[in-house]
Amino acid sequence: MQQTVTFPSGTVHYHFQSSFAELWTRYDKEHAVIITNEYIAKQYAKLLKGYKLLVIPVGEHSKNPHTITFLAKELLNMEATRKTMLVGIGGGVVTDIVGMLGSIYMRGVPFGFIPTTLLGMVDAAVGGKNGINVGLHKNILGAVAQPRFILYDPRFLDTLPDDEWSNGFAEIIKCACIFDAELFAELQKNNISYYKDHNDDALQVLIQKCVALKNKTVVEDEKETGLRKLLNFGHTAAHAIENLYEIPHGKAVGIGMVIAARVSSQVAGLNEHVVTDLEELLGRYHLPISLKIDAKKAIEIMRMDKKRSGDMMDYIVLEKIGKAAIRSLPLTAIEKALFDYESDN
Ligand SMILES: NC(=O)c1ccc[n+]([C@@H]2O[C@H](COP(=O)([O-])OP(=O)(O)OC[C@H]3O[C@@H](n4cnc5c(N)ncnc54)[C@H](O)[C@@H]3O)[C@@H](O)[C@H]2O)c1
């Protein structure tokens, strides 16, 4: 199934329920360079044979300026020009790096994504935010630029480990919290196995629903001056925790949402039973809700957050399930939530 969405910075062709082979009926293999990680390169070696390929190490620590320099040098060695199309095949780490590189190599070349994790399919590959980390600071260098295409080949999910399914569901639950109470209720009725093992159609509908909800927001506010900030629900604490403890993005977002829901019940009138419902739902999708954290260290990192302005921070709260809002909160309110979380765990 094909869909085209036009954002201020470009038009993206979505190829849902498609296949890697189908891509090359539309794009020229000779002008393409595939960038992927060591796992995908090995696991899918047969599929990728015969394509120009650049491979980076697995993991978040690859998302740094050295990888960009390494890849740029390799592209120069391959004599890649402004006509070259970069194709990122992988999870959010690969697509973030390829989007960033595509935005700046020779001041911008076309690029496209084939997300291979659930998290990548519903979130990381979608929306045109591309970024890399500098030291402990997440996505501090970045660019907003849309890929030419995002192609969904469900075969990649066959090799996805259970843990990565959970990580993907963190972003799906986030999407439900922010935009869609019905989706939240659907998730409460089901579990990972329902989508993964028994109901491929339901999974495809779920993926497309999350993509549509995210795109609706991004079309209106691509540069994140307002509405798009809602998508950061749970991410303020998540980014700090993620880098301090090297836990995967999805799990950090789960914990970040618990902290944000608790803040919401204190400052935005969120009913306390919703906090419990959210914790239960995260547990249902095998996402941890408790973690031993050093609140002081998390706060130090949080203070570097792009959303901070002096002693205030734009923080995403939930008023109810399906309705998020942006509040400018004093840093002390968020710091208190982190100290409370530390002492509860
Ligand atoms: N740009 C955005 O809007 C956005 C949004 C959300 C997250 N992100 C970023 O995405 C990253 C997290 O993405 P992720 O969770 O996909 O992590 P990831 O890219 O590190 O992938 C997770 C793991 O799954 C493995 N993997 C990937 N595809 C596989 C497959 N088909 N079969 C088996 N294993 C596979 C990877 O090798 C890796 O070990 C973070 O860096 C986060 O900041 C970006």
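1. Domain arrangement. In this predicted model, the C-alpha centres of domain 1 and domain 2 are 27 Å apart. The domain assignment places domain 1 at 2–159, whereas domain 2 is made of two segments, 163–189 and 222–344.

2. Contact between the domains. Across the boundary, 14 residues of domain 1 are in contact with 15 residues of domain 2. On the domain 1 side, the elements that contribute two or more residues are α6 (118–124) and β8 (137–144). Helix α6 supplies four residues, the largest share of that side. By residue class, the side of domain 1 that touches domain 2 has seven nonpolar, five polar and two charged residues.

3. Which residues come nearest to the ligand? Of the 29 residues around the ligand, these are G91, G92, V93, T116 and T117. The elements giving two or more residues to this shell are α2 (38–43), α5 (92–104), α6, α7 (162–179) and α12 (249–267). Both domains take part, since the shell draws at least three residues from each of domain 1 (2–159) and domain 2 (163–189 + 222–344). In composition, the shell around the ligand has ten nonpolar, 13 polar and six charged residues. Overall fold and dimensions. The protein contains 15 helices and twelve strands. Its radius of gyration is 20 Å, close to the 20 Å that the globule rule gives for 345 residues, so the protein is as compact as a globular protein of that length. Along the principal axes, the C-alpha trace spans about 55 × 45 × 35 Å. Of the 345 residues, 43% count as buried. Among contacts with a separation of 6 or more, 68% are accounted for by residues 24 or more positions apart.

4. The sheet β10-β11-β12. Three strands, in the order β10-β11-β12, form an open sheet with antiparallel pairing. β10 (308–309) and β12 (323–330) stand at the edges with a single partner strand each, so one side of each has no neighbour in the sheet. Strand β11 (residues 312–320) is joined to β12 by eight bridges, and the two run antiparallel. Within this pair, I316 stands opposite I326 in β12. As background, strands of a sheet pair through backbone hydrogen bonds, in a parallel or an antiparallel manner.

5. The β7–β8 hairpin. Strand β7 (residues 129–134) pairs with β8 in the antiparallel sense over five bridges. N130 stands opposite A143 in β8. The two strands form a hairpin with two residues between them, and G135 in the turn has a positive phi of about 55 degrees.

6. The loop between α5 and β6. M106 is found in the loop between α5 and β6 (111–115), and its phi is near 50 degrees, a positive value in a residue other than glycine. R107 is found in the loop between α5 and β6 as well; R107 has a positive phi of about 60 degrees although it is not a glycine.

7. R107 is exposed, with 7 other C-beta atoms within 10 Å. As for position in the fold, M106 and A237 are 131 residues apart in sequence and 35 Å apart in space, C-alpha to C-alpha.

8. Helix α10. K216 is found in helix α10 (residues 200–220). With 12 C-beta neighbours inside 10 Å, K216 counts as exposed, because the cut-off for an exposed residue is 12 or fewer. The C-alpha atoms of K216 and S19 are separated by 25 Å, and the two residues are 197 residues apart along the chain.

Methods: Residues are numbered from 1 along each chain as its sequence is written. This is a predicted model: local features need pLDDT of at least 70, side-chain atom pairs count only at pLDDT 80 or more; totals for chains, interfaces and linings use all residues. Domain bounds come from an automatic or database domain assignment. Two residues are in contact if their C-beta atoms, placed from the backbone, lie within 7 Å. Ala, Val, Leu, Ile, Met, Phe, Trp, Tyr, Cys and Pro count as nonpolar, Asp, Glu, Lys and Arg as charged, and the others, Gly among them, as polar. A residue is near a molecule or strand if its C-beta atom, placed from the backbone, lies within 6 Å of it. The radius of gyration is taken over C-alpha atoms; the globule rule is 2.2 Å times the number of residues to the power 0.38. A residue is buried if 20 or more other C-beta atoms lie within 10 Å of its own, exposed if 12 or fewer, and partly exposed in between; C-beta atoms are placed from the backbone. Two strands pair if DSSP finds at least two bridges between them.
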